[in-house]
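Student: I would like a close look at one part of this model. Please take me through it step by step.

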Amino acid sequence: MSEENKSGFLLGERQGQFLAFVLCFAGVLALGCLLTFVVYMLNQAFTFFSGVIWSLALSGMLAILLRPIVTFLEEKLGMGRFLSIVTLYFLVLATAGSATWFLGGKIIRQTQDFIGSASEWPDRLEEKGKEHLPLETWESISGQFESFKEYWGATLAPSQGPGRLDLNASEKKIYVSLSIEERSIFRELGALEKTEFFSYKTVADRLAYLDQKSLEMKNQTMETLESKGEVIAEKSAEVLKSAWLGLMGIFTKMTYLAVIPIYLFYFLSSNRNLLEDLEKELRFISASVREDIIFLVREFVGILVAFFRGQLLIGLLMGVGYAIGFSLSGLKFGITLGLLFGLLNIVPYLGSIVGVIVTLLVAYLQPDGIAESGQWNLLIGCGLSFALVQLIESYYLTPKIMGQKTGLHPVVVIVSIFFWGTALGGILGMIFGIPLTAFFIIAWRLLCRKYFNRSAC
């Protein structure tokens, strides 16, 4: 074939480069679509099987955290595996029971006080905003602030009981003197009816008024039952169905919780080397590919173990540090908030970010706080507690407990937390975000160094 015929069938150098670019772009696009589809399917699986996955995830994290204790009891003290696990269960129950005995009451009381105090925050912020902000600025945000107040009140509504009635001192005194049944009738009255109730001067007149209103409510209820019996029957059926579904949901959640100790027992009692078993099962694959798969699985398991064992221990120690520091600084709800922020540090940076914001609000708005006293000593003490705990965590706890197992830049850590939290639908994705990201980075480096140009990695 002549040179002219060859040139008619073959592409030129630029056309070949362009075709190679198009094919590479199409390959990258196809890979991106595949990854998007995989993430979408994972999101659907996590949503549909969330209860099962939560049980397995919690059991796995507890097994990772507690396995060294079982190994110590078995190897150092000569106990069998079964007796070591039973002893571990007893130690965990004893520790949890002791913590509940000594701190449970304080935590519950502080939680209730915190919710009660938080219900008053919007009013205090509104008062301070009107006092310090320019009039035009406040008018421009007043509409959004009213919406925020409604949302905040709806969020805390379940915690608000009869004591939240808008009554003055004399009216509260009269309300407290009523019996429980009379109070329930009073709470059903409208605003004008309550005003009429308090207009009576004698106790007998007020009680007679409540009896009259109670009778009117019963008669109205009977009339409603007679006139709308069919509608009420339908609504009752819907309520019963909703209640049944709610009971089934509660039973399902209790089942998921009850099965965690069973999962944990089998996780701790297993001595199988799953990597060796996996290698045997993959003998139909070529030795080179099998070696890569086993390497990636081993690295992923190592990251999971190091991350969860280290992060749980670090979060617990940070929570204790925060609780001590906040309590010494004079924060009203120091123990509860400190332990909560430590628990949130299972997701890196989450406890610190939430902790700074919430601590600032509580220190400013709590009773006798900065808003009332004008003294900033409380905030300074909380700030020093945060700084000290963060320094200990950054320069001692993390290097000592976790080392550089994940090796991820802080920006990559933050992005991966929000990405996987969104992709996998919530807190479970945020918890597993760091190990998953580290795994994909290790997989990319392996592919890059083994199958591409090493100098590019």
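Student: What volume does the largest pocket have?

Tutor: Keep in mind that this is a predicted model. The largest pocket has a volume of about 1,300 Å³. How is such a space found? Rolling a probe the size of a water molecule over the atoms shows where empty space is left.

The lining of the largest pocket is made of 38 residues. Nearest the centre lie Leu-65, Leu-312, Leu-316, Leu-343 and Ile-346. By class, the lining counts 31 nonpolar and 7 polar residues.

Helices H3 (50-75), H4 (81-118), H14, H15 (334-344) and H20 (427-451) each give two or more residues to the lining. H4 gives the most, with 10 residues.

Take H14 from that group. Helix H14 runs over residues 287-329, which is 43 residues. From its first C-alpha to its last, H14 reaches 61 Å. That is close to the 63 Å expected at 1.5 Å a residue. Just after H14 comes Gly-330, with a positive phi of about 100°.

Two packed helices are described by the angle between their axes and the distance between the axes. For H4 and H15, the angle is about 95° and the axes are 8 Å apart. The two helices are therefore roughly perpendicular to each other.

Which residues meet there? On the H4 side, they are Lys-106, Ile-107, Gln-110, Thr-111 and Phe-114. On the H15 side, they are Gly-334, Ile-335, Thr-336, Leu-337 and Leu-339. This contact of H4 with H15 divides into 5 nonpolar, 4 polar and 1 charged residues. Look at the spacing along a helix, too. An α-helix has 3.6 residues a turn, so residues three or four places apart point the same way.

For another crossing, go to H5 (residues 121-132) and H16 (residues 350-365). Their axes come within 11 Å and cross at roughly 75°. That makes H5 roughly perpendicular to H16. The contact of H5 with H16 has 6 nonpolar and 2 charged residues, and no polar ones. From H5 come Trp-121, Arg-124, Leu-125 and Lys-128. They meet Leu-361, Val-362, Tyr-364 and Leu-365 in H16.

Definitions and conventions. Residues are numbered from 1 along each chain as its sequence is written. This is a predicted model: local features need pLDDT of at least 70, side-chain atom pairs count only at pLDDT 80 or more; totals for chains, interfaces and linings use all residues. Side-chain values use heavy atoms; hydrogens and water are left out. Helices (H or I, at least four residues) and strands (E, at least two) are DSSP runs, numbered from the N terminus. The expected span of a helix is 1.5 Å times one less than its number of residues. Axes are lines fitted to C-alpha atoms, for helices over the stretch in contact, and angles run from 0 to 180 degrees between N-to-C directions. Angles under 35 degrees count as roughly parallel, over 145 as roughly antiparallel, 65 to 115 as roughly perpendicular and the rest as oblique. Contact means heavy atoms within 4.5 Å. Ala, Val, Leu, Ile, Met, Phe, Trp, Tyr, Cys and Pro count as nonpolar, Asp, Glu, Lys and Arg as charged, and the others, Gly among them, as polar. On a 1 Å grid over the protein atoms alone, a cavity is a set of points where a 1.4 Å probe fits but cannot get out, and a pocket is an open set with protein on both sides within 12 Å along at least five of seven lines; lining residues have an atom within 4 Å of a point. Grid points are joined across faces, edges and corners, and a volume is the space filled by probe spheres set on the points.
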